[in-house]
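Here is a friendly tour of a protein model and the two ligands that come with it. Have the viewer open beside the text, and follow the residue numbers as they come up.

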Amino acid sequence: MYVLVTGGIGYIGSHIVLELMKLDIKVIIIDNLSNSSIKVLDRIIIISNKIPLFFNIDINDENKLDWLFLNYKISTVIHLAGFKSVGDSVKNPINYYHNNIGGTITLLTVMKKYNVYDIIFSSSATVYGVTKLMPISEKCALNPINPYGKTKLYIENLLLDIFKSNIQWNVIILRYFNPVGAHKSGLIGDNPSLIPNNLMPYITQVAVKKLEKLFIYGKDYNTKDGTGIRDYIHVVDLAVGHVKALFYMQNKHICEIFNLGTGIGYSVLELVKTFEAVSGVKINFTFVDRRAGDLDIIYADSSLAREKLEFHPQFNLDDMCTDSWIFQKNNPDGYL
Ligand code: NAD
Ligand code: UFG
């Protein structure tokens, strides 16, 4: 039996694939490479010394998915494939609804046809929207404020509904906080194709002088130093969280939701200072206006994942900055 990882060539998916292969779990990756490079597959093979099955399949392509499920016995799907840029989703909502929701519906349709009912879904803390309640627990109100977040909530609701319709389904929804860091080999990491939207890749690209300076969005938030606070989690810890979820769901028929964060909030300035300390590189920055839609503070109540999944993140902010830096330094121009 195989675990199918959709979007497994991407930033988070590639780290999950490595954690699964470390445990000799048989993996099939599907990815349409719309936001990733096939070079990542070579690097997965170098790091693991194993060759996972890979197919260039779009999750919207029902015929190819049908072929895949017919020919390979799949036990569980870890579903990451989708678009993830908040800003792009505001500009191109149809693409997001089509790819994220449409693709998931096609995937679930084929899973059902082949009696594959176990799914772990990549959701996001962005489903919580604006709230003052911190740390934020899985029970907090959901109110995403951008199309990307709305697609995640839509899929969460779809999964809750299919579970109600047939308890053969076995569903875990993981709400990620802010994944950063990279594999310790320095071979795979976050490699945005355009100018980064996210803080950490922006910082690392300033550090290698691909970008001139960091623009810090807002210095008058109601936080310790006036800059936004987030719950950064090392991508390898996040990947391990999926393996824990996979073991937890074995022989169950559940539908459960978990935050995956460390439960600790750091400000933008704290991240910049930590990065400078571990890399020895000065990061030029300037303060600019707040970014529309940004929250002042968001960090996870991670107690549920700790108790039920035995999820205990191992990496601290120094590790996150060090590993992000090593990856960027080794790959200043991405996967060439
Ligand atoms: P990523 O873009 O690096 O990985 C997603 C992968 O899915 C890419 O390799 C892309 O080519 C592939 N893909 C996209 N549409 C596809 C389709 N129709 N068919 C097949 N493959 C397709 O992004 P990531 O950071 O690794 O994120 C993975 C998942 O985690 C996404 O669902 C994202 O929404 C979610 N997530 C990410 C973050 C984050 O900050 N990185 C936070 C919360 C949730
Ligand atoms: N920031 C800057 N300058 C930048 C980029 C970011 O100052 O160039 C600040 C932001 O204002 C925020 C913090 O850095 O205070 C983190 O911003 P990110 O863009 O890295 O992350 P977000 O918390 O805004 O959002 C990310 C993903 C979402 C996901 C969410 C989950 O982009 O997709 O984490 O919590 F849903």
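This is a predicted model: local features need pLDDT of at least 70, side-chain atom pairs count only at pLDDT 80 or more; totals for chains, interfaces and linings use all residues.

- Gly8 sits in the loop that links β1 (2–6) to α1 (11–22).
- Is Gly8 buried or exposed? Its relative accessibility is 0%, so Gly8 counts as buried, the cut-off being under 20%.
- Although Gly8 and Ile29 are 21 residues apart along the chain, their C-alpha atoms are separated by 5.3 Å.

**Ligand 1**

- There are 28 residues around ligand 1, and those that come nearest are Asp31, Asn35, Ser36, Asn99 and Tyr148.
- Ile12 takes part through its backbone, with an N or O atom 2.8 Å from an oxygen atom of ligand 1.
- On its own, ligand 1 exposes 830 Å², and 95% of that is buried by the protein.
- Which elements give two or more residues to the shell around ligand 1? They are α1, β5 (118–124) and α6 (147–165).
- The largest share of this shell comes from β5, with three residues.
- By residue class, the shell around ligand 1 holds twelve nonpolar, twelve polar and four charged residues.

**Ligand 2**

- Ligand 2 has 22 residues around it, with Ser124, Asn198, Arg230, Arg291 and Asp294 coming nearest.
- Arg291 places a polar side-chain atom 2.8 Å from an oxygen atom of ligand 2.
- The backbone contributes as well: an N or O atom of Leu199 lies 2.9 Å from an oxygen atom of ligand 2, and a polar backbone atom of Phe215 is 2.8 Å from a nitrogen atom of the ligand.
- Of the 690 Å² of accessible area that ligand 2 has on its own, the protein covers 89%.
- Both α7 (199–207) and β8 (214–217) supply at least two residues of the shell around ligand 2, and β8 gives the largest share, four residues.
- The shell around ligand 2 divides into twelve nonpolar, six polar and four charged residues.

**Nonpolar cores**

- In soluble globular proteins, nonpolar side chains tend to be buried together.
- Here the largest nonpolar core has 43 residues, and Leu20, Ile172 and Leu174 have the most contacts inside it.
- Among the elements that give two or more residues to this core are β1, α1, β2 (27–30), α2 (39–48) and β6 (170–176). The list also includes α8 (235–248), β11 (255–260) and α10 (303–309).
- Which element gives the most to this core? That is α8, with eight residues.
- Beyond its neighbours within four places in sequence, Ile172 is in contact with Ile119, Ile120, Phe121, Ala245, Tyr248, Met249, Ile254, Glu256 and Phe258.
- There is also a second, separate core of 30 residues, with Leu68, Val116, Tyr117 and Phe163 among them.

How values were computed:
Residues are numbered from 1 along each chain as its sequence is written. Chains are lettered from A and ligands numbered from 1 in the order in which they are written. Side-chain values use heavy atoms; hydrogens and water are left out. Buried means under 20% relative accessible area, exposed over 50%, partly exposed in between (1.4 Å probe, protein chains only). A residue is near a molecule or strand if one of its heavy atoms lies within 4 Å of it. A polar contact is a pair of N or O atoms within 3.5 Å; within protein, one must be able to donate a hydrogen and the other to accept it, and residues adjacent in sequence count only if both atoms are side-chain atoms. Accessible areas come from the Shrake-Rupley method with a 1.4 Å probe; for residues, only the protein chains shown count as cover. Ala, Val, Leu, Ile, Met, Phe, Trp, Tyr, Cys and Pro count as nonpolar, Asp, Glu, Lys and Arg as charged, and the others, Gly among them, as polar. A nonpolar core is a set of buried Ala, Val, Leu, Ile, Met, Phe, Trp, Tyr and Cys residues joined through side-chain atoms within 4.5 Å. Contact means heavy atoms within 4.5 Å.
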